[in-house]
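Open the model in your viewer and keep the selection tool at hand.

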Amino acid sequence: MPRRGTSHRTGAAPRGSAIAERVRASRNSNAAGLTKRTDPADIGAMSDAASPPLRVTSLSKRYRLEKGGEFEAVTGVTFDVAAKECFGLLGPNGAGKSTIIQCICGFYPPSAGHVLIGGTDVRTQPKRARQILGVCNQEDTLDSDFKVRDQLIRHATYFRIDLRTAKERADRLLERFGLADKADQPIESLSGGLRRRLQVARALISEPRVAVLDEPTTGLDPDARRVLWEVLSEARRNGMAILLSTHYMDEAERLCDRVAILHKGRILDIDSPQALIKNHIARAEIEEEVRPGVIWKRQPNLEDVYLKLTGSRLGVEGL
Amino acid sequence: MRLPDWAWGVSRVWLRYYDVFTKSIVFYAVTTFVQPVLYLLAFGVGVGSLVGTLTVSGMPVTYRAFIFSGVISQTVLFSGFFEGAFGGFVRMYYQRIFQAIAITPITLSEVLWGELLWDTTKATVAAEAVALIGVMTGDFAPLSLLTVLPVCFLSSLLFSGMGLASAAFARDIDQISYPQYLLVFPMFLFCGVFYPIEKMPYALQLIAWTLPLTSVNSLVRTLTLGLPFQFWAVPILFAWLTLLVALSRRAMFRRLVK
């Protein structure tokens, strides 16, 4: 591809339209990538059992601004997450990832569109839908009035899980996440990374069919990140579907069967990381000057696609 | 027996507060009960010895009994408002408990009812403890513990709603000072806790009656001291109750749900 992207660097709008054009072109050239997209008209016909764990259809979200007027944070977002699938939501800060997640939890009402969890609309039947949903918010929502183990057990009881099962699961998760020796400690005594681990563990205590994890590995050390990846793999083998939002492209490339790249509230492209790389990056090898005089040669990766589509100035030139 | 889902959700949230309460019961006992006891001592015994007996609505009442019944309402006001306002703000803003629970099968509506009912429970128990002191000192009839309970409960819910609404409107925790100084303290001083409002000029009495604490005081005194029943206190109480509970829920939803 010519170095066209670079000539538009200062103007966001022309670049955006240029990207849209390229994305459209790439979609047409990759019809196979479109087969997993679902026609919204099909939904009514699908039964509970046949419907995927998570289905988001034509989701739009507008916020009222305090000064008056509205701001559309998410526009026409559609995707499914199948059982055992890990679906990545990638995008720069403010692209609408957390808004989509708040709508999936049923906390924010969508301005248009639907969220179905296991075939149940989260707005009309939030209790039923959220019974099979586990959420790890981006911000810290741990209940600081309870100690580490109690935290998990208490959260389980919100799902009407009996105390014995809750205790068993809590001990297993604490062990798995390396928090067993902290079980009786207050939350304040935990470091940021440990709190993050605990919050992810809390999202899994109800053994959800769908886990929504908003930047779960932010602040985790490499070791803890590996542990989380392993835990998620295990849970997926048991059928759990995962919606993952992350800023770590290596993580997305490694974990996600498919990713959606989100920019200014719209999905620019959805596909497997490999297909995205193939479709968007023409070069077989990338040369990058990482330090003055030091040039690395490497294969193109998801980060290159991300930077190219979301239009960061820091992207590698001439992709 | 399996509770309906909504009742189970509300009770689950209420139990969370109860579990926190029992873990630091000494702290709560001190912060909840010391203040009314200090008022009882300072005004009941101290000022009471100077004033002796009052005539309220044509009936003789000892100042000590008068102040004891006033402190019941004052306890409801302070306990309900401060728990709802500061406690509610901390739980909503700093601890994000509402947000954490309302993404489970428990809904935000149930979380807010649980919060309101817990604040109400705490204020009701504190007010009943004051009433119990009044019974032990012989100022109230024992039965009044029971008869005053519904008024304590409803007015606790009213002031918890006022507190939670304040928390919902406050941008930061300091802004709770506005309702505290503009509503709570004026009610505390001018709605008949320390002296019968009929001693005030007529215009001030009318203003006092628009505020909910005057009605609470009136009903509490009817039930504890046998003063004449001022029927208009009932609609005023229910009007404020409905308004503040609805406002607190609406404002919280508006704040949290974008």
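Which residue is the bridge partner of B:Thr55 in S2(B)? Select B:Pro60 and you have found that partner. Before going on, note that this is a predicted model, in which local features need pLDDT of at least 70 and side-chain atom pairs count only at pLDDT 80 or more, while totals for chains, interfaces and linings use all residues. Residues are numbered from 1 along each chain as its sequence is written, and chains are lettered from A and ligands numbered from 1 in the order in which they are written.

**The hairpin in chain B**

Select residues 53-56 and 59-62 of chain B: these are strands S1 and S2, antiparallel and joined by four bridges. (Helices, H or I with at least four residues, and strands, E with at least two, are DSSP runs numbered from the N terminus; two strands pair if DSSP finds at least two bridges between them.) S1(B) and S2(B) form a hairpin with two residues between them. In its turn, B:Ser57 has a positive phi of about 50 degrees.

**Where the chains meet**

Next, show both chains. 18 residues of chain B are in contact with 18 residues of chain A, where contact means that C-beta atoms, placed from the backbone, lie within 7 Å. On the chain B side, helix H1 (5-23) and helix H4 (97-101) each give two or more residues.

**The sheet in chain A**

Look for the open sheet of six strands, in the order S6-S7-S8-S3-S9-S10, with mixed pairing. Strands S6 (133-136) and S10 (266-271) of chain A each have a single partner strand, so one side of each is left without a neighbour in the sheet. From one strand to the next, the twist averages 15 degrees.

Zoom in on S9 (residues 258-263) of chain A, which runs antiparallel to S10(A) and is joined to S10(A) by five bridges. One pair to pick out is A:Leu262 with A:Ile267.

In the loop between S9 and S10 of chain A, stop at A:Lys264. Its phi is near 50 degrees, a positive value in a residue other than glycine. A:Lys264 is partly exposed, with 18 other C-beta atoms within 10 Å; a residue is buried with 20 or more such atoms, exposed with 12 or fewer, and partly exposed in between.

**The core**

Which residues have the most contacts inside the largest nonpolar core? Select A:Val210, A:Val212 and A:Ile242, in a core of 147 residues. (Such a core is a set of buried Ala, Val, Leu, Ile, Met, Phe, Trp, Tyr and Cys residues joined through C-beta atoms within 7 Å.) Its largest share, 15 residues, comes from helix H3 (residues 63-94) of chain B. Around A:Ile242, residues touched include A:Cys86, A:Phe87 and A:Leu213.

**Last stop: confidence**

Finally, colour by pLDDT, the predictor's confidence in each residue from 0 to 100. The mean for chain A is 82, but pLDDT stays under 50 over residues 1-47 of chain A.

Conventions
Contact = placed C-beta atoms within 7 Å. Axes fitted to C-alpha atoms, helices over the stretch in contact; angles between N-to-C directions. Lists of a residue's contacts leave out its neighbours within four places in sequence.
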